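Please walk through this model with me, starting at the ligand and ending at the aromatic rings.

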Amino acid sequence: MSTTHFEGRFTGKVLVVTGAAQGIGRSVALRAAEEGGRVVFVDRADFVAEVAAEVIGGQTAAFTVDLETYEGAAAAMRFAAETFGGIDILINNVGGAIRMRPYGEFEPQQIDAEIRRSLMPTLYCCHTVLPHLSQRGGGTIVNVSSNATRGIHRVPYSAAKGGVNAITQSLAMELAERNIRVVATAPGGTEAPPRRIPRNDAGDTETEKSWMAEVVGQVKQSSFMKRYGTIEEQAAPILFLASDEASYITGSVLPVTGGDLG
Ligand SMILES: NC(=O)c1ccc[n+]([C@@H]2O[C@H](COP(=O)([O-])OP(=O)(O)OC[C@H]3O[C@@H](n4cnc5c(N)ncnc54)[C@H](O)[C@@H]3O)[C@@H](O)[C@H]2O)c1
């Protein structure tokens, strides 16, 4: 698939999108570039460069790094600022439940892994982007949280995303006077094409698949619309919040869930 560049909501802006190799992050990054942004696609999967190259005529760059380390987050921000002269918008999209299982079934190291995946990249990237946003006189951070702060079979992930909501609200209070908005979406269940990078490298056992089926049932049942959303339905509100159209919105976590409030 290729996409064509045109003028739009992000003309003149530099965006960093994390987890841009697939899924929601890929769709957000490609659309931001289509709408005129200069976009840095960041991911630990090296095929992120192929994804960034899908934009014809736009200005994109790719950076491969593990954002579960502070140094990785700092390097990504430095790369973006050096490549495009600054950063205006950061979209913290890296995350995702690695395993679905009742809480008592998690091994201790599996609990840590969920926090490392779904909380630390956002915490690190929010910190390392700050000098760059300040240098521009302001900017926007959009965190991709989750509606799963209330839901079954992924308590460590729920805790991580509750942390993302807390970062969003507290950082927004601190940064409003510096002209920096901090906002989030909380996606509900989202249909994704088969993932090139699985959430869980080890694959899922039959028991884990049945726990996953229970999660899908709970999420669909809780949605007024009784269905999962699409990746495009998640990308659109993220880009709205990132744009100047949302200039009076900060500290908010927007549920994008077909009515499900957990
Ligand atoms: N898909 C859903 O149903 C759903 C629902 C609610 C919230 N969300 C949230 O939306 C976001 C995106 O979800 P998705 O389903 O598109 O994700 P995904 O698992 O399909 O893709 C995540 C991307 O992030 C990258 N990534 C993972 N860990 C990384 C790391 N340490 N450093 C750098 N890159 C890393 C992966 O390589 C991958 O390209 C996540 O934060 C997730 O929690 C998703």
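**The ligand and its surroundings**

In the side chain of arginine 199, an N or O atom lies 2.8 Å from an oxygen atom of the ligand. This is a polar contact, that is, a pair of N or O atoms within 3.5 Å; within protein, one must be able to donate a hydrogen and the other to accept it, and residues adjacent in sequence count only if both atoms are side-chain atoms. The model is predicted: local features need pLDDT of at least 70, side-chain atom pairs count only at pLDDT 80 or more, and totals for chains, interfaces and linings use all residues. Residues are numbered from 1 along each chain as its sequence is written, and side-chain values use heavy atoms, with hydrogens and water left out.

A polar backbone atom of glycine 96 is 3.1 Å from a ligand oxygen. For threonine 190, a backbone N or O atom is 3.0 Å from an oxygen atom of the ligand. Taken alone, the ligand exposes 840 Å², an accessible area from the Shrake-Rupley method with a 1.4 Å probe. The protein buries 95% of that.

Which residues come nearest? Of the 27 residues around the ligand, they are Asp43, Asn93, Tyr157, Arg195 and Arg199. A residue counts here if one of its heavy atoms lies within 4 Å. By class, the shell holds eight nonpolar, 11 polar and eight charged residues. Nonpolar covers Ala, Val, Leu, Ile, Met, Phe, Trp, Tyr, Cys and Pro; charged covers Asp, Glu, Lys and Arg; the others, Gly among them, are polar.

**Rings and charges**

Now turn to the rings. The whole structure has three aromatic pairs. Rings of Phe, Tyr and Trp (its six-membered ring) pair if their centres lie within 6.5 Å; planes under 30 degrees apart are stacked, over 60 edge-to-face, the rest tilted. Phenylalanine 63 and phenylalanine 79 are stacked, because their ring centres are 4.7 Å apart and their planes at 20 degrees. Phenylalanine 63 is buried at 18% relative accessible area, while phenylalanine 79 is partly exposed at 23%. Buried means under 20%, exposed over 50%, partly exposed in between (1.4 Å probe, protein chains only).

Tyrosine 103 and phenylalanine 106 form a tilted pair, with centres 6.2 Å apart and planes at 50 degrees. Tyrosine 103 is partly exposed at 43%; phenylalanine 106 is buried at 8%.

The charged end of arginine 196 is over phenylalanine 47, 3.8 Å from the ring centre. The criterion is NZ of Lys or CZ of Arg within 6 Å of the ring centre and within 35 degrees of the ring normal. Lysine 220 sits likewise over the ring of tyrosine 228, with its charged end 5.6 Å from the centre.
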